[in-house]
Amino acid sequence: ELGEGPDIKSIIVSTIAEETTRALAIQTGQADIDFQTPSDLIADIEKGGKASLLRREGPGFNFLAFNCSKPPFDDVNARRAVASAIDAAGIQKAFVKETGNPTNYLMVPDVLFIFEKERWEALKQNVPKYEYSIEKAKEYLAQSKYPDGFECTLLSDEYTLSKNLSLALQQALAEIGITVSIDQQSNEEVTNQQFGEGMVDGKRPYDFGLFAWISDFPDPAGILTPLLMTSNGEQGGSNTAAYSNTKVDELLEKQGQLTDTAKRMDLLEEAQLIVQDEQPYYTICQYNWLFGISNRIVEPESVLNPSYIWNFAAKNIKLAE
């Protein structure tokens, strides 16, 4: 005997690019789920009493990627200088807020600590990181090919967080003699370039940029392999920094052939330490899912969990009577 059918009989999917308009639709009950609520609009979501915010830590992170395949960021000390000039705590407090969690600059988010969790936690706390220090940033710049500073362009999409981060980075880097122009494009255009579109002479067109990555599967390798393997730097690949290190390639290849989690962790940890030192990516925060949810939806956390992007099913949604 068949049971009752799902509560959802039809679905209307609306693409609303304007963030305030999307938040208003949730706030007024015109929409039931917003999959990407900006942190600046959280208070507005709950004003009308018809919706609330559901926060879930996600399997991805927001980051600054340096194009390691061309000047100026083919110079490791130029990358280190930028990393040292960023006030991570100030950015978190002023702009990131609920959108993400500080990570101590580890690329792998907490929800992907699915094996050897204690070792991941230790690495997260103890991995060497570039602390905010204008003095240190100037020292790194002096060791680079550009001791007097340089000009560069930052690629960014049109989302509120990206805009705010772009301006903050522009201001911060000016303090050490780096002049940043902001190239703001649509999220679609930025994503296309992230996957190697628009290459010139085999090189990605941007100097550095603000991007996000969400693991395609629940494993730390879902972050590290796509973003770090040299082979993924080609057109269509996800190595956004065009980073290439033969030792890191070897470590990632080996761990992918193992089932012993302790041995995998040995290799992944070694790769992380190399990458943290060479800084092709500056991790801004772990990515949080911020869902604006209509009060009509019963127990939304059971449907919109950290892995919703892999297994979301509208048939599981229950509506209040």
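This is a predicted model: local features need pLDDT of at least 70, side-chain atom pairs count only at pLDDT 80 or more; totals for chains, interfaces and linings use all residues.
Student: Why is Tyr 146 called buried?

Tutor: The word buried is kept for residues under 20% relative accessible area, and Tyr 146 has a relative accessible area of 18%, so Tyr 146 is buried. Tyr 146 lies in the loop between helix 6 (134–143) and strand 4 (150–156).

Student: Which residues is Tyr 146 in contact with, leaving aside its neighbours within four places in sequence?

Tutor: They are Pro 71, Pro 72, Asp 74, Asp 75 and Leu 141, and contact here stands for heavy atoms within 4.5 Å. As for Ile 178, which is 32 residues apart from Tyr 146 along the chain, the C-alpha atoms of the two are separated by 9.5 Å.

Student: Why is Glu 197 called partly exposed?

Tutor: A residue is exposed over 50% and buried under 20%, with partly exposed in between; Glu 197 has 44% relative accessibility, and therefore counts as partly exposed. Glu 197 is found in the loop between helix 8 (187–194) and strand 6 (208–214).

Student: What makes the patch on the surface one of negative charge?

Tutor: The patch gathers Asp 183, Glu 188, Glu 189 and Glu 197, and Asp and Glu count as negative.

Student: Which residues of helix 1 are buried, and what covers them?

Tutor: In helix 1, residues 19–27, the buried ones are Glu 19, Arg 22, Ala 23, Ala 25, Ile 26 and Gln 27. Their cover includes strand 1 (33–34), helix 2 (42–45), strand 2 (51–66), helix 7 (160–174) and strand 7 (281–294). Just after helix 1 comes Gly 29, with a positive phi of about 85 degrees.

Notes
Residues are numbered from 1 along each chain as its sequence is written. Side-chain values use heavy atoms; hydrogens and water are left out. Patches are made of residues with over 30% relative accessible area and no salt bridge: like charges are joined within 9 Å, nonpolar side chains (Val, Leu, Ile, Met, Phe, Trp, Tyr) within 5 Å. Accessible areas come from the Shrake-Rupley method with a 1.4 Å probe; for residues, only the protein chains shown count as cover. A salt bridge is a side-chain nitrogen of Lys or Arg within 4 Å of a carboxyl oxygen of Asp or Glu. The place of a charge is taken as NZ of Lys, CZ of Arg, CG of Asp or CD of Glu. Helices (H or I, at least four residues) and strands (E, at least two) are DSSP runs, numbered from the N terminus. Buried means under 20% relative accessible area, exposed over 50%, partly exposed in between (1.4 Å probe, protein chains only).
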